[in-house]
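The exercises below are worked from the sequence and the model. Try each task before reading its solution.

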Amino acid sequence: MYNFTILGRYISKDFLRITFNVTLVFFCLGVILNLFDEINFFKERDLSMLLPFYLSLMKMPSIVHNLFPFIILISSIWLFLKIIRVDELTPMKVAGFSNLIIILIPSVLAFFIGIFFILGLTPVTSALTLKYLNVKANYTEGNEYLAAITANGIWIREKKEEKISIVKSS
């Protein structure tokens, strides 16, 4: 049982570290790619570079939220390739780990990470998406960007006289 807890913690820490690194890579790539889009949107306006960067950072939780199943998939593949490449599978089998246990540890962790993402980050993602749309709507001309479809539903921005209404539909 002693080896089980040590190896279980080792696999758990390794999986969490790999998941964090893959999430960080996706976050950085998303910021860079979205920054180009925001710069292209604001190219005709005389604004500082901080606004497109700020908007990119506000949009990233939504993008990472949408990409998280792929992040978990890539992290799992990376973990198992590391275990095979470094030849850690044989000592784990000698210590009494079955293939099911080796697969079950990252699966349970991925389940709890998913619960955290759904319960903890969905409200943050919705709030940042709303703020992103409000900030971007201030710089739009005409009827551009009045509706947005996200993972959190359909967001419609309507302006009547001086009152701005934002409607969210599931």
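**Exercise 1.** Does Met92 count as buried or exposed, and at what relative accessibility?

Solution. The model is predicted, and local features need pLDDT of at least 70, side-chain atom pairs count only at pLDDT 80 or more, while totals for chains, interfaces and linings use all residues. Residues are numbered from 1 along each chain as its sequence is written, and side-chain values use heavy atoms, with hydrogens and water left out.

Step 1: take the cut-offs, which are buried under 20% relative accessible area, exposed over 50% and partly exposed in between (1.4 Å probe, protein chains only). Step 2: Met92 has 1% relative accessibility and therefore counts as buried. Step 4: its C-alpha atom is separated by 9.9 Å from that of Gly8, 84 residues apart along the chain. For the chain as a whole, buried residues make up 34% of the 170 residues.

**Exercise 2.** List the secondary structure elements of the chain in order from the N terminus.

Solution. Step 1: helices (H or I, at least four residues) and strands (E, at least two) are DSSP runs, numbered from the N terminus. Step 2: the chain has four helices and three strands. Step 3: the order is α-α-α-α-β-β-β.

**Exercise 3.** Describe how helix 2 and helix 4 pack.

Solution. Two packed helices are described by the angle between their axes and the distance between the axes. Step 1: axes are lines fitted to C-alpha atoms, for helices over the stretch in contact, and angles run from 0 to 180 degrees between N-to-C directions. Step 2: the axes of helix 2 (residues 50-85) and helix 4 (residues 99-137) come within 10 Å and cross at roughly 165 degrees. Step 3: helix 2 is therefore roughly antiparallel to helix 4 (under 35 degrees is roughly parallel, over 145 roughly antiparallel, 65 to 115 roughly perpendicular, the rest oblique). Step 4: sorted by class, the contact of helix 2 with helix 4 has 19 nonpolar, five polar and two charged residues (nonpolar: Ala, Val, Leu, Ile, Met, Phe, Trp, Tyr, Cys and Pro; charged: Asp, Glu, Lys and Arg; polar: the others, Gly among them). Step 5: across the sequence, His65 and Phe117 are 52 residues apart, with their C-alpha atoms 7.4 Å apart in space. His65 lies in helix 2 and, at 18% relative accessibility, counts as buried.

**Exercise 4.** What is the phi of Asp87?

Solution. Step 1: most residues other than glycine have a negative phi. Step 2: Asp87 is not a glycine, yet has a positive phi of about 60 degrees. Step 3: Asp87 sits in the loop between helix 2 and helix 3 (89-94).
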